[in-house]
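Thanks for making time this morning.

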Amino acid sequence: MTERLLVLVRHGQSEWNLKNLFTGWRDPDLTPLGVEEALKAGQRLKADGYQFDIAFTSALSRAQRTLDLALGELGQTGLPIIRDQALNERDYGDLAGLNKDDARVKWGEEQVHVWRRSYDVPPPGGESLKDTVARALPYYVTEILPKVLQGNRVLVAAHGNSLRALIMVLERHSPESIMKRELATGVPVIYRLKADSTVESVVDLAG
């Protein structure tokens, strides 16, 4: 029986997550807690008996390090890894590097809320979630999904918004409901797919 396993993991807490900064394509490292979250992701997958054939991650170090740490716990440090900026976090443009509270002071609470929580309104110089979906989803369809359907067990370590682009299709979210789909840092979400690429089962280890 073909397994068709796909596991998504959001990177562990980054230094800029801790400082409440808009991060986007900037490249801060993991915090000690983020390292712990990444290790725990690998430990939980190992405890449940998961092993993988290939992994995908973004071009950003916080996702790459999360993947490396998790694979170390799984005893799979030699696994083939494909890195691509199509899986990068949403680009926050002019907001990148700013404290979220300072951004609210500068542009107003309502405007920042629209940039963060609307589907198709980008911040200045940046991407909306719709824009992120437009680059991450084709990559999923052409590069990741075929591997899963061929029976490869696939692990993807990426970012909250690039993973939402995949989850939008996997869980059949609307543009409105996907904005409410929370992804905990360092917590695997496990999908088993049918031959037609729809989801047979999903387990979010965040509960």
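Ser197 sits in the loop between strand S5 (189-193) and strand S6 (199-204), where helices (H or I, at least four residues) and strands (E, at least two) are DSSP runs, numbered from the N terminus. This is a predicted model, in which local features need pLDDT of at least 70 and side-chain atom pairs count only at pLDDT 80 or more, while totals for chains, interfaces and linings use all residues. Residues are numbered from 1 along each chain as its sequence is written, and side-chain values use heavy atoms, with hydrogens and water left out.

Back to Ser197, which has a positive phi of about 80° although it is not a glycine. As background, most residues other than glycine have a negative phi. Ser197 is partly exposed because its relative accessible area is 26%, and on this scale buried means under 20% relative accessible area, exposed means over 50%, and partly exposed lies in between, with a 1.4 Å probe and protein chains only. Arg4 is another residue other than glycine with a positive phi, in this case near 50°, and Arg4 is found in the segment before strand S1 (5-10). With 16% relative accessibility, Arg4 counts as buried.

Let me turn to some other loops. Which residue's side chain makes a polar contact with the side chain of Gln13? That residue is Thr31, at 2.7 Å, where a polar contact is a pair of N or O atoms within 3.5 Å; within protein, one must be able to donate a hydrogen and the other to accept it, and residues adjacent in sequence count only if both atoms are side-chain atoms. Thr31 lies in the loop between H1 and helix H2 (32-47), and Thr31 is buried because its relative accessible area is 4%. Leu30 is placed in the loop between H1 and H2 as well, and Leu30 is buried, with a relative accessible area of 4%.

Ser58, in the loop between strand S2 (54-57) and H3, is joined side chain to side chain with His159 by a polar contact of 2.8 Å. Is Ser58 buried or exposed? At 0% relative accessibility, Ser58 counts as buried. Gln76, in the loop between helix H3 (61-74) and strand S3 (81-83), also counts as buried, at 11% relative accessibility.

For contrast, Arg172, in the loop between H7 and helix H8 (175-178), is exposed, with a relative accessible area of 67%. Arg172 and Val199 are 27 residues apart in sequence, and their C-alpha atoms are 9.5 Å apart in space.

Now to helix H6, which covers residues 129-149. H6 has 21 residues, but its end C-alpha atoms are only 26 Å apart, short of the 30 Å that a straight helix would reach at 1.5 Å a residue; that expected span is 1.5 Å times one less than the number of residues. Where is the kink in H6 centred? The kink, of about 40°, is centred on Tyr140, the bend at a residue being the angle between axes fitted to the seven residues ending there and the seven starting there. The buried residues of H6 include Tyr139, Tyr140 and Ile144. At the start of H6, a side-chain oxygen of Ser128 reaches to within 3.3 Å of the backbone nitrogen of Lys130, and just after H6, Gly151 takes a positive phi of about 100°.

Finally, the largest pocket, which holds about 390 Å³ of space. On a 1 Å grid over the protein atoms alone, a pocket is an open set of points where a 1.4 Å probe fits, with protein on both sides within 12 Å along at least five of seven lines, and lining residues have an atom within 4 Å of a point. A volume is the space filled by probe spheres set on the points, which are joined across faces, edges and corners. Of the 23 residues that line the largest pocket, the closest to its centre are Arg10, Tyr92, Lys100, Arg116 and Asn161. The elements giving two or more residues to this lining are helix H1 (15-18), helix H5 (109-117) and helix H7 (160-170), and H7 gives the most, with 3 residues. The lining divides into 7 nonpolar, 7 polar and 9 charged residues, with Ala, Val, Leu, Ile, Met, Phe, Trp, Tyr, Cys and Pro counted as nonpolar, Asp, Glu, Lys and Arg as charged, and the others, Gly among them, as polar.
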